[in-house]
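Me: I would like to go through this structure with you, one topic at a time. Please keep the answers plain and give the cut-offs as the terms come up.

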Amino acid sequence: MGEASDEAIAQSLLQSGLTSADQLEEARAQAKERGTGLVNVLLELGHVSAGDIAACVEQAAETAAEPAPEEAVPELEPSEGESAPAAAMRRPDKTSLAAYDIEPEAIRSIPRAIAEEYTILPLQISQERILVAMADETNVLAIDAIRSRTGRKVEPVEVDAEEIKAALAEHYTLLARQSIEVSQQAKDLSATVTHSEAVSGLDTDLVRMLDDAPVVRVVETIIQDAARMRASDIHVEPRADSLQVRYRVDGQLTTVTRLPKNMQAAVLSRIKVLADENIAESRFPQGGRFATVIDDRAIDLRVSTLPTYWGEKAVLRLLDKSQVFVALSELGFLPQMQKEFEDLVTRPQGMLLVTGPTGSGKSTTLYAALHTINEDRINICTVEDPIEYEVEGINQTQVHPAIDLDFAEFLRHILRQDPDVILVGEVRDLETAQMAFRASLTGHLVLSTLHTNDAPSATTRLVDIGMAPYLIASSILGVLSQRLVRRICPRCREQYQPSDNELERLNLSREQAEKIRFHIGRGCRYCRNTGYSGRVAAYELMKMNNELRTALTRGANAAELRQVAVKSGMKTLRYDALTKVHQGITSAQEVLKVMFAPELM
């Protein structure tokens with residue numbers, strides 16, 4: 001059977017009457033705009049179900065297959081340090097697991113629960129692909145689950161279900177036995193703890209617990225599972241009778257496990273050792289960081305420990321370096337607003353601000369903007385606190401307040417480095433603002449952030465800290481304000497009628513609401529019964545024009561500036577968010593959570 005392309009599957013869906021020509025054209029347009037697969041867009045829009053696709057895959061694959069005496073041989077590209085013969089994978093004439101060398105790393109990449117659910121067995125894995133034995137190689141849901149979990153292209157090979165089940169039990173049992181063996185990492189930790197002068201006075205029971213392989217494995221598992229769930233933070237919190245572990249996924253905290261109270265000291269000490277903190281000190285807050293690799297993804301972890309009533313609490317912030325280069329098209333911009341924002345980012349000079357509360361995705365937007373213009377002919381310099389991601393081709397610096405290297409001081413030196421573009425992590429005070437605006441007026445493009453509720457408030461905030469209105473008006477190119485809302489899970493999305501209370505809080509009449517299609521996620525196993533999967537941003541972009549500059553110079557407040565901006569064509573946060581509600585991307589409940597300020601509604 002040949003491999004079915006997205007277009008072939010789409011044509012099969014169309015011929016079967018499972019989708020219409022108009023729906024297909026809509027999906028094609030969005031797929032081209034977003035740079036994603038056509039079939040995935042059809043699923044997200046709700047035009048077809050996974051079952052519909054599965055029913056058409058085999059027919060589409062047979063149509064797309066080229067006549068050949070033998071089936072094409074799947075072959076993986078060699079991983080780093082791997083020989084080409086070892087990476088080559090060939091299907092035998094008779095499909096049997098005996099013909100394959102099953103790699104432990106492949107087994108580790110897929111949890112046993114998923115393998116059992118879909119009757120699959122990972123065989124071999126490389127940087128780009130994963131070869132998987134499947135009882136049904138046309139199972140779209142299984143392929144999608146594997147691709148989402150590993151981030152690799154799936155090469156399926158059909159094997160008898162009973163053979164897979166037997167091998168599955170054997171290999172996952174072997175993996176479990178290996179996980180509880182004493183690791184070299186635990187031995188190294190024991191030597192560090194035993195011989196370190198900083199911990200010479202620690203309780204010997206704690207030293208013995210730190211050397212205990214299960215404790216090492218528990219911490220590793222917590223971090224690995226959080227990374228695979230795309231969590232942004234891990235909270236390890238002592239309670240009266242347990243140690244609670246929570247993950248923040250898509251902005252929401254969820255309890256994932258409770259460990260026995262007697263593991264608290266060892267688990268917290270293990271985290272502190274990894275972060276290079278002083279494990280003998282538990283009375284004061286501490287901070288540290290470390291790095292690891294999970295599923296071939298480089299993960300940076302920033303650690304903060306804090307004494308609480310029941311013991312030390314640790315919060316680990318996960319920064320996935322593989323997620324740095326997010327295209328602007330993937331952030332959630334409406335097409336026209338994205339075009340306008342890209343125009344501002346490519347200007348030779350001026351100030352461009354991104355505003356929003358903490359955790360609203362401002363840094364992600366700025367990195368996406370830098371990625372758009374990052375090329376050899378442009379000298380890009382940043383001053384950040386801290387440097388969240390290391391970006392190739394950009395000169396990044398980090399403030400050090402302890403030695404009086406703050407944003408303003410760094411900016412003075414950066415201006416002597418012949419920069420074209422400067423990113424300032426945040427405008428916090430008058431001195432930083434003055435330096436940033438001076439740079440924008442002398443031939444540099446300056447990008448920075450502010451903490452304000454909406455775009456017009458950014459200019460009044462600058463006036464409040466002491467900047468002259470005429471200087472703001474002549475320097476600022478535009479202000480982008482944003483919020484993050486959770487995406488509705490496309491697999492369990494459905495339409496519903498909002499209540500009168502919801503419409504009142506959204507400031508919508510029943511007549512206005514009839515023009516909007518409201519959606520909600522009912523919850524399924526793919527979204528862990530939350531109804532949501534991932535996040536997307538809602539935006540408003542205020543582009544400076546003569547009317548806004550005049551109003552700002554004469555001292556207009558934020559409300560007056562908002563009126564002028566809307567008359568000039570600015571699409572508000574509320575408009576953008578309700579558009580995403582209508583498109584089935586997010587829900588009214590999510591909009592109400594983030595549009596907390598009265599002026600936004």
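Me: Is Arg 230 buried, exposed or partly exposed?
Reply: Arg 230 is partly exposed, with a relative accessible area of 42%. Here buried means under 20% relative accessible area, exposed over 50%, and partly exposed in between, using a 1.4 Å probe and protein chains only. This is a predicted model, in which local features need pLDDT of at least 70 and side-chain atom pairs count only at pLDDT 80 or more, while totals for chains, interfaces and linings use all residues. Residues are numbered from 1 along each chain as its sequence is written, and side-chain values use heavy atoms, with hydrogens and water left out.

Me: Which side chain meets Arg 230 in a salt bridge?
Reply: That of Asp 320, at 3.2 Å from N to O. A salt bridge is a side-chain nitrogen of Lys or Arg within 4 Å of a carboxyl oxygen of Asp or Glu. Asp 320 lies in strand β9 (residues 311-320) and Arg 230 in the loop between α12 (213-228) and β4, so the pair ties together parts that are 90 residues apart in sequence. Asp 320 counts as buried, at 10% relative accessibility.

Me: How many salt bridges are there by this rule?
Reply: The count comes to 29. A network of salt bridges links Glu 237, Arg 239, Arg 246 and Lys 313.

Me: Where do Glu 105 and Arg 108 lie?
Reply: Both are in helix α6 (residues 104-109), three residues apart, about one turn of the helix. Helices (H or I, at least four residues) and strands (E, at least two) are DSSP runs, numbered from the N terminus. The side chains of Glu 105 and Arg 108 form a salt bridge, 3.4 Å from N to O. Glu 105 is partly exposed at 44% relative accessible area, and Arg 108 is partly exposed at 39%.

Me: And what does Glu 116 form with Arg 112?
Reply: A salt bridge, in which the closest N and O atoms are 2.9 Å apart. Glu 116 and Arg 112 both belong to helix α7 (residues 112-118), four residues apart, about one turn of the helix. Glu 116 is partly exposed, with a relative accessible area of 43%, and Arg 112 is partly exposed, with 32%.

Me: Changing topic: is strand β5 mostly covered or uncovered?
Reply: Strand β5 (residues 242-249) is mostly covered, with six of its eight residues buried.

Me: In which sense do β4 and β5 pair?
Reply: Strand β4 (residues 233-238) pairs with β5 in the antiparallel sense over six bridges; two strands pair if DSSP finds at least two bridges between them. The two form a hairpin with three residues between them. Leu 243 in β5 is the bridge partner of Pro 238.

Me: How many bridges join β5 to β6?
Reply: Eight, with β5 and strand β6 (residues 252-260) running antiparallel. Arg 246 stands opposite Thr 255 in β6. In the hairpin of β5 and β6, two residues lie between the strands, and Asp 250 takes a positive phi near 55 degrees.

Me: Which residues touch the most other members of the largest nonpolar core?
Reply: They are Leu 353, Leu 462, Ile 476 and Met 542, in a core of 38 residues. A nonpolar core is a set of buried Ala, Val, Leu, Ile, Met, Phe, Trp, Tyr and Cys residues joined through side-chain atoms within 4.5 Å. Apart from that core lies another, of 31 residues, among them Val 326, Phe 341, Val 391 and Leu 445.
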